[in-house]
Amino acid sequence: MAQQNPEAQDIQLLRRAGHGDSKAFHELLDRHAQRLYRLAMSLVDNAADAEDVVQETFIGAYRGLQSFREQSSVKTWLTRILFTQAALMQRNRRRRANAVLDESVVGSMADPDSGIDVQAALRKLSPEYREILMLREFEQMSYAEIAEVLNVPQGTVESRLHRARGELREKLKAYLT
Amino acid sequence: MCPTTEKLDAFHDGELDEASRAGVERHLAECAECAAELARLREISRLFDASPVAHLSQMSLHRLHRRTDEAMEEGLLRIMRALSAVAACLLVAGSALLLKTRESTTVEVARPVAPPWADVVETSDTSSGAYSTPAAAWYLADDTSRNDDSP
């Protein structure tokens with residue numbers, strides 16, 4: 001497995017997990033948990049919710065092991081599940097009219113050198129702009145991968161990403177040269 | 001001519017093919033406005049790179065593993081429960097079928113089996129000479145002849 005690229009390793013682990021190898025599934029969890037948690041932190045308002053979303057993502061992935069057709073990478077597949085789980089959680093929490101941001105989390109995300117809090121600025125964007133920026137800037141996903149995660153055409157990714165960057169730039173204009 | 005802003009984004013994101021990329025590079029060398037736009041895109045990406053990332057603590061990670069295990073066990077239990085239910089249904093259906101089979105067998109055994117000549121006795125009419133089976137006719141004819149021979 002050492003010679004394989006990360007995506008091929010993921011597929012191998014998922015196949016083993018599909019054959020009942022729980023150790024392989026836990027290895028998969030170790031490989032993706034931090035990345036998914038970071039994404040979840042941008043999609044929901046606090047650390048506890050983000051952890052719940054990641055947990056539901058892995059449980060959902062485990063239950064859906066047999067439905068994975070290997071037509072996308074495991075990374076993309078898990079990200080898509082995460083987005084679904086985050087949307088479900090947000091819908092359930094929408095009743096809280098005045099959701100308060102976890103200030104401790106926002107504070108900890110600020111860039112100590114520049115004084116710019118990118119995460120806080122991201123939260124001021126619409127969910128669709130926030131999502132696409134997270135996938136591109138943090139996850140370094142290609143346009144094709146983003147299109148797959150968001151289930152939109154690649155042309156939509158290009159235009160939406162451009163508009164999202166424009167919005168973010170507006171929020172951060174005081175800090176940008 | 002300046003490339004579209006989306007094309008500049010795609011250039012920044014490494015999404016252009018070799019030919020398009022070379023074309024944009026040539027343009028950037030001559031167009032200060034597009035070069036400034038690209039610099040702004042790079043600045044935003046730099047801010048993301050510099051942004052501290054949320055980190056899942058070891059305790060949270062451990063909790064995640066534990067909850068996943070619980071979900072796996074729950075899934076197995078669900079499967080086992082479903083299999084048990086199927087097995088129970090099969091057992092009940094099998095028992096019912098067996099019982100029904102035995103009942104029908106008992107009824108057949110209990111009914112007295114009529115001897116081959118029963119029909120003959122009931123339907124024979126010696127006067128008319130009509131017999132229901134050749135064997136019965138032969139038997140009765142033989143019996144009659146025996147009576148004729150008697151002194």
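**Close-up views of a two-chain predicted model**

View 1. Among the elements of chain B, helix H5 (residues 118-123) has the lowest mean pLDDT, 53. Helix H2 (residues 18-30) of chain B has the highest, 93. The mean pLDDT of chain B is 78, and 69% of its residues reach 70 or more. The model scores ipTM 0.75 and pTM 0.67.

**View 2. The helices of chain B.** Chain B contains six helices and zero strands. From the N terminus on, its elements run α-α-α-α-α-α. Chain B has 151 residues, of which 8% count as buried. Among the contacts in chain B with a separation of 6 or more, 35% are between residues 24 or more positions apart.

**View 3. The contact of chain B with chain A.** The contact takes 37 residues from chain A and 29 residues from chain B. On the side of chain B that touches chain A, helix H1 (5-12), helix H3 (32-50) and helix H4 (58-110) of chain B each supply at least two residues. H4(B) gives the most to this side, with nine residues. By type, the residues of this side of chain B divide into 14 nonpolar, eight polar and seven charged.

**View 4. The largest nonpolar core.** This core has 46 residues. Those with the most contacts inside it are Leu36(A), Tyr37(A), Ala40(A), Val54(A) and Leu82(A). Several helices of chain A give two or more residues to the core, including helix H1 (6-18), helix H4 (74-93) and helix H9 (154-171). H2(A) gives the most, with ten residues. The core lies between domain 1 (1-100) and domain 2 (104-177) of chain A, because both give residues to it.

**View 5. Leu36(A) and its contacts.** Leaving aside neighbours within four places in sequence, Leu36(A) is in contact with Val54(A), Thr57(A), Leu78(A) and Leu82(A). Both Leu36(A) and Val54(A) are listed among the residues with the most contacts inside the largest nonpolar core.

**View 6. Helix H3 of chain A.** Helix H3 (residues 47-63) of chain A has 17 residues. From its first C-alpha to its last, H3(A) reaches 24 Å, close to the 24 Å expected at 1.5 Å a residue. The buried residues of H3(A) include Val53(A), Val54(A), Phe58(A) and Ile59(A). Glu51(A), Gln55(A), Glu56(A) and Thr57(A) are also among the buried residues of this helix.

Notes:
Residues are numbered from 1 along each chain as its sequence is written. Chains are lettered from A and ligands numbered from 1 in the order in which they are written. This is a predicted model: local features need pLDDT of at least 70, side-chain atom pairs count only at pLDDT 80 or more; totals for chains, interfaces and linings use all residues. Two residues are in contact if their C-beta atoms, placed from the backbone, lie within 7 Å. Helices (H or I, at least four residues) and strands (E, at least two) are DSSP runs, numbered from the N terminus. Ala, Val, Leu, Ile, Met, Phe, Trp, Tyr, Cys and Pro count as nonpolar, Asp, Glu, Lys and Arg as charged, and the others, Gly among them, as polar. The expected span of a helix is 1.5 Å times one less than its number of residues. A residue is buried if 20 or more other C-beta atoms lie within 10 Å of its own, exposed if 12 or fewer, and partly exposed in between; C-beta atoms are placed from the backbone. pLDDT is the predictor's confidence in each residue, from 0 to 100. A nonpolar core is a set of buried Ala, Val, Leu, Ile, Met, Phe, Trp, Tyr and Cys residues joined through C-beta atoms within 7 Å. Domain bounds come from an automatic or database domain assignment.
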